[in-house]
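Keep the viewer open while you read.

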Amino acid sequence: MNKITVKDGTEIYYKDWGTGQPLVFHHGWPLSSDDWDAQMIFFLNQGFRVIAFDRRGHGRSSQTAIGHDMDTYASDVAELAKALDLKNAVHIGHSTGGGEVIRYVAKYGQGRVAKAVLVSAVTPIMVKNDNNPDGVPMSVFDEIRVNTATNRQQFFQDFTIPFYGYNREGAKKSQGIMDNWWRQGMMGAIKAHYDCIKAFSETDFTEDLKSVDVPVLVMHGEDDQIVPIATTGVKAAQLLKNGKLISYPGFPHGMPTTEAATINADLLAFIKA
C-alpha cells in the first residue's frame, strides 16, 4: 500500500493514479478516500493525475490518538504534497475535507496550488457562537459526540439517511451507498472520529478564506441537512477574494456520490477554465 510517514510517525495512506495535472481529493467525516470513487475514475479517464488519501485516524491510515485538529490535518497534507512533488494542483474537499483544503491552501499552498474547490464544506464555521449567531447549536454536535462514543455502529447507519437525503419524498434509497458509507466509517478509529467533531464544527476558517488568492469554487446543495448552506457555502463564497458559488436545488450533503454526473461536469468546467 502507498503510505508516507509524517513527522510525528503517523502513516498516511494514499492513492495516486495517472499523469497530468494533479487533483487532490480530501474526504469528509468519518469516511476515507474511497468516498471519492465516482470522481477518481471520472477524472482519471479525463487525463488527470488523481490523488486521494485517508486522513489520520480514518480508513487505512494510522489510528493515532493525537493530531485530530485542522492544523495537523493541513500539515499532513503539506507533507504528502511535498513527498509527491505536487505542483499546479487542484485541491478538492468535501465537508470536513473542505475545511482541510482551505487551511492547507492558506498555510502551505504558495507555489503548489492552482485552484481549490469546497464541496458541501464546513467553512467558514459551523457552530453557533457570538460571532456566528446563525450557526448550528453546540447541542447538535454534543449529540453527535455521544452517539459516536457510545453507539457508533448504529449511529453511522442512521446518519446515512439525512446525509444522502434519503428521508426526502421521492428519494431513491441505495442500500449499497449506505453500506459503503458505514463500511468506510467503521474502518476508522473511534478516537479520531470523536476528536474530529470538534475540528469540523468549531474551527473558524474565516481568515483562511480571506487570505487565499487562487480561484476557489464553492459547491453546495440547497437541501444539505448536515452542513446548512446559508451558514456555510453562502458565507464562504462572500469571504473569498476569487470565489464562485454554485448552489444546487434539492441536492443533499452527499451529492458527490448521489449526483456525481452533475458535480463532475461542473468540477471539470472549473478546472479547465
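## H4 against H5

The axes of H4 and H5 come within 6 Å of each other, crossing at roughly 130 degrees. Axes here are lines fitted to C-alpha atoms, for helices over the stretch in contact, with angles from 0 to 180 degrees between N-to-C directions. On the H4 side, Ile144, Asn147, Thr148 and Thr150 meet Arg152, Phe155 and Phe156 of H5, where contact means heavy atoms within 4.5 Å. Sorted by class, the H4 and H5 contact has three nonpolar, three polar and one charged residues. For the classes, Ala, Val, Leu, Ile, Met, Phe, Trp, Tyr, Cys and Pro are nonpolar, Asp, Glu, Lys and Arg are charged, and the others, Gly among them, are polar.

A word on what you're looking at: this is a predicted model, where local features need pLDDT of at least 70 and side-chain atom pairs count only at pLDDT 80 or more, while totals for chains, interfaces and linings use all residues. Residues are numbered from 1 along each chain as its sequence is written, and side-chain values use heavy atoms, with hydrogens and water left out.

## H4 against H7

H4 (residues 138–150) also pairs with H7 (residues 190–202): their axes come within 9 Å and cross at roughly 170 degrees. So H4 and H7 are roughly antiparallel. H4 brings Met138, Phe141, Ile144, Arg145, Thr148 and Ala149 to this contact, and among the H7 partners are Ile190, His193, Tyr194 and Ile197. By class, the H4 and H7 contact has eight nonpolar, three polar and three charged residues.

## H4 itself

Helices (H or I, at least four residues) and strands (E, at least two) are DSSP runs, numbered from the N terminus. H4 has 13 residues and spans 18 Å from first C-alpha to last, close to the 18 Å expected at 1.5 Å a residue; the expected span is 1.5 Å times one less than the number of residues.

Which residues of H4 are buried? They are Phe141, Ile144, Arg145, Asn147 and Thr148, where buried means under 20% relative accessible area, exposed over 50%, and partly exposed in between (1.4 Å probe, protein chains only). Their cover includes H5 (152–163) and H7.

## Loops worth a click

One joins tryptophan 29 and proline 30, with omega about -10 degrees, and proline 30 sits in the loop between S3 (22–26) and H1 (37–45). Another runs from threonine 123 to proline 124, with omega near 0 degrees; proline 124 is in the loop between S6 (113–119) and H4.

Serine 120 is in the S6 to H4 loop too, and its phi is near 50 degrees, a positive value in a residue other than glycine. Serine 120 is buried, at a relative accessible area of 0%. Asparagine 88, in the loop between H2 and S5 (89–94), has a positive phi as well, near 55 degrees, but asparagine 88 is partly exposed at 45%.

Glycine 59 lies in the loop between S4 (49–53) and H2 (70–83) and counts as buried at 8% relative accessibility. Leaving out residues up to four places away in sequence, glycine 59 touches Leu31, Ser32, Asp54, Met187 and Gly188.

Note on methods: Parallel < 35°, antiparallel > 145°, perpendicular 65-115°, else oblique.
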